[in-house]
Amino acid sequence: MHVSLDAKSFRQVVGQFPTGVTVVATEVDGKIHGMTANAITSLSLDPLRMLFCVGKKTTMAEFIRRAEGFSINILREDQQALSTYFAGGWKQETPPPFRFVPWMGGPRLEGCAAAIGCKRTGLVEGGDHWIVLGEVVALELGIEPRHPLVFHSGMYRKLDRTEKEPAPPNLDQAKSDISVFLDPWDEM
């Protein structure tokens, strides 16, 4: 189905791509600032680099411009309340329980599935967002079970953990005139 080329349709189409949910945190002038973000990705293995996107008109954009580093805290599926809180949608009088601890790059949110500490290395123009680049300086695997919070089509989701056939199946039997280029991740 063809849809119109506008912001609402764009969000609807892009929303079909499931993402993890994170809280990006930084410390500026002794105060911790955090925001929910799902526009994050790994950028490079050599050197280790990450990126995330922040709206130019947000308060967090100004803090990130001033920060030396930041953390990307990958939320667990039982941390949906933290996602809502750090997205500014929390309606209750008291916030959900959370705690940040000092860490390389930026403050780390305890209890997450994983965390990545980064030294901020650049800001790149990205339309109405800044693309924030960071060199990875610390990694943390969180507490078990590390089941990530997932966002798809405007809703929080859970992964189906029933055993499935590994993807892609039967690679050695593929017959195609299409060139396939494999990334040698298994050599690392």
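Predicted model: local features only at pLDDT ≥ 70, side-chain atom pairs only at ≥ 80, totals over all residues.
Residues are numbered from 1 along each chain as its sequence is written, and side-chain values use heavy atoms, with hydrogens and water left out.

**Ser83 and its surroundings**

- Ser83 belongs to helix 3; helices (H or I, at least four residues) and strands (E, at least two) are DSSP runs, numbered from the N terminus.
- The side chains of Ser83 and Tyr156 meet in a polar contact of 2.6 Å. That term covers a pair of N or O atoms within 3.5 Å; within protein, one must be able to donate a hydrogen and the other to accept it, and residues adjacent in sequence count only if both atoms are side-chain atoms.
- Setting aside neighbours within four places in sequence, Ser83 is in contact with Val21, Thr36, Leu75, Leu149 and Tyr156 (contact means heavy atoms within 4.5 Å).

**The largest pocket**

- The largest pocket comes in at about 1,000 Å³. On a 1 Å grid over the protein atoms alone, a pocket is an open set of points with protein on both sides within 12 Å along at least five of seven lines, and lining residues have an atom within 4 Å of a point. Grid points are joined across faces, edges and corners, and the volume is the space filled by probe spheres set on the points.
- It has 27 lining residues, and the closest to its centre are Arg11, Val14, Asn38, Ala39 and Phe151.
- Helix 1 (7-14), strand 3 (31-37), strand 5 (48-55) and helix 3 (80-86) each put at least two residues into this lining, with helix 1 giving the most, 5 residues.
- By class, the lining of the largest pocket has 13 nonpolar, 13 polar and 1 charged residues. Here Ala, Val, Leu, Ile, Met, Phe, Trp, Tyr, Cys and Pro count as nonpolar, Asp, Glu, Lys and Arg as charged, and the others, Gly among them, as polar.

**The second largest pocket and Met50**

- The second largest pocket has a volume of about 210 Å³.
- Of its 11 lining residues, Ser42, Ser44, Leu45, Leu48 and Met50 are the closest to the centre.
- Strand 4 (40-45), strand 5 and strand 10 (129-141) each supply at least two lining residues; the largest share, 4 residues, is from strand 4.
- This lining splits into 8 nonpolar, 2 polar and 1 charged.
- Met50 is in strand 5 and counts as buried, at 8% relative accessibility.
- Beyond four places in sequence, the contacts of Met50 include Ile40, Ile72, Ile116, Cys118 and Val136.

**Strand pairing**

- Strand 6 (residues 69-74) is mostly covered, with 5 of its 6 residues buried.
- Strand 6 runs antiparallel to strand 2 (residues 22-28), joined by 4 bridges, and Thr22 has Ile74 as its bridge partner. Two strands pair if DSSP finds at least two bridges between them.
- Strand 6 is also antiparallel to strand 9 (residues 114-126), through 6 bridges; here Asn73 partners Ala115.
- An open sheet of 3 strands has the order 1-11-12, with antiparallel pairing. Strand 1 (19-20) and strand 12 (155-157) sit at the edges with a single partner strand each, so one side of each is left without a neighbour in the sheet.
- Strand 1 and strand 11 (residues 150-152) are joined by 2 bridges, and Gly20 has Val150 as its bridge partner.

How values were computed: 1 Å grid on protein atoms, 1.4 Å probe; cavity = no way out; pocket = protein on both sides within 12 Å on 5 of 7 lines; lining within 4 Å. Buried < 20%, exposed > 50% of the residue type's maximum accessible area, 1.4 Å probe, protein only.
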